[in-house]
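Me: I am new to this structure. Can you walk me through how to read it?

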Amino acid sequence: MSAGEIDLLPGERVLWAGEPVQRPLYVAADGVIAPAGLVLAAASLWFLLTKQPSGLTMAAAVVALVLGCYGAVGRSVVRYLALGRTTYALTDSRIIARSGLFRQKERSSELAGLSAPVLKTGPSRTGTIAFGGPGTVTLMGIGEPKRVRDLLTKAIDEAKARQAPPEADSPAA
């Protein structure tokens with residue numbers, strides 16, 4: 001994402017922009033979801049082949065088979081392809097991610113509301129930066145992750161300092 005593609009707020013400036021340089025096929029959550037999907041798909045397939053259900057039971061088994069296949073493999077493939085069309089930007093007040101497989105969606109998080117960034121290093125000097133809060137933007141597979149984390153830490157501290165109420169110079173009487 002270049003600075004020209006970002007709808008900036010009045011007075012906002014871009015500190016960093018980038019995109020994933022490495023797209024992970026599997027992430028930690030897939031260690032649970034993929035095996036569970038595989039078990040669901042195998043059980044559904046076994047049920048369809050041995051019991052030969054009809055009507056609503058067959059429809060439910062087919063839905064379970066599709067969901068199991070998506071959990072086992074499809075979720076990872078969709079994420080991998082979507083990361084190929086993902087861009088990130090850090091401004092002095094927000095972190096922004098634009099991604100989507102078919103239609104680009106933009107998500108942003110206010111820096112002042114974020115906790116300290118957590119870096120998980122990956123192969124070939126790449127990494128993922130997350131913030132621990134639900135619904136916050138996560139930067140996956142970025143290059144120079146330590147530099148970006150340090151930049152984020154500084155930007156978050158500055159954003160929180162701007163929102164802090166000014167300290168009173170004189171004691172209250």
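Me: Which residues lie nearest the centre of the second largest pocket?

Reply: Keep in mind that this is a predicted model. Start with the lining of the pocket. Here 14 residues line the second largest pocket, and Pro24, Val27, Lys120, Thr128 and Met140 lie nearest its centre.

Me: Which elements give two or more residues to that lining?

Reply: Three strands do: S5 (118–121), S6 (126–130) and S7 (139–143). S6 gives the most, with three residues.

Me: How much space lies in the second largest pocket, and how does its lining divide by class?

Reply: The space is about 260 Å³. By class, the lining has six nonpolar, seven polar and one charged residues.

Me: What volume does the largest pocket have, and which residues lie nearest its centre?

Reply: Read it the same way. The volume is about 470 Å³. The lining holds 19 residues, with Arg79, Leu83, Ser99, Arg107 and Met140 nearest the centre. Met140 is named for the second largest pocket and again for the largest pocket.

Me: Which elements give two or more residues to the lining of the largest pocket?

Reply: H2, strand S3 (94–99) and strand S4 (105–110) do. The largest share, six residues, comes from H2. By class, the lining of the largest pocket divides into ten nonpolar, four polar and five charged residues.

Me: Next, the helices. At roughly what angle do the axes of H1 and H2 cross?

Reply: Look at the two axes, then at the angle. H1 covers residues 30–51 and H2 covers residues 56–83. Their axes come within 8 Å and cross at roughly 150°. Angles over 145 degrees count as roughly antiparallel, so H1 is roughly antiparallel to H2.

Me: Is the crossing left-handed or right-handed?

Reply: H1 passes H2 in a left-handed crossing. The contact of H1 with H2 has 16 nonpolar, six polar and three charged residues.

Me: Last, confidence. What pLDDT does the chain average?

Reply: Take the average, then look element by element. The chain averages a pLDDT of 88, and 92% of the residues score at least 70.

Technical notes
Residues numbered from 1 in each chain as written. Predicted model: local features only at pLDDT ≥ 70, side-chain atom pairs only at ≥ 80, totals over all residues. Heavy atoms only, no water. Axes fitted to C-alpha atoms, helices over the stretch in contact; angles between N-to-C directions. Helix = DSSP H or I, 4+ residues; strand = E, 2+ residues; numbered from the N terminus. Parallel < 35°, antiparallel > 145°, perpendicular 65-115°, else oblique. Left-handed = near helix turned anticlockwise from the far one by under 90°. Nonpolar A, V, L, I, M, F, W, Y, C, P; charged D, E, K, R; others polar. 1 Å grid on protein atoms, 1.4 Å probe; cavity = no way out; pocket = protein on both sides within 12 Å on 5 of 7 lines; lining within 4 Å. Points joined across faces, edges and corners; volume = space filled by probe spheres on them. pLDDT = per-residue confidence, 0-100.
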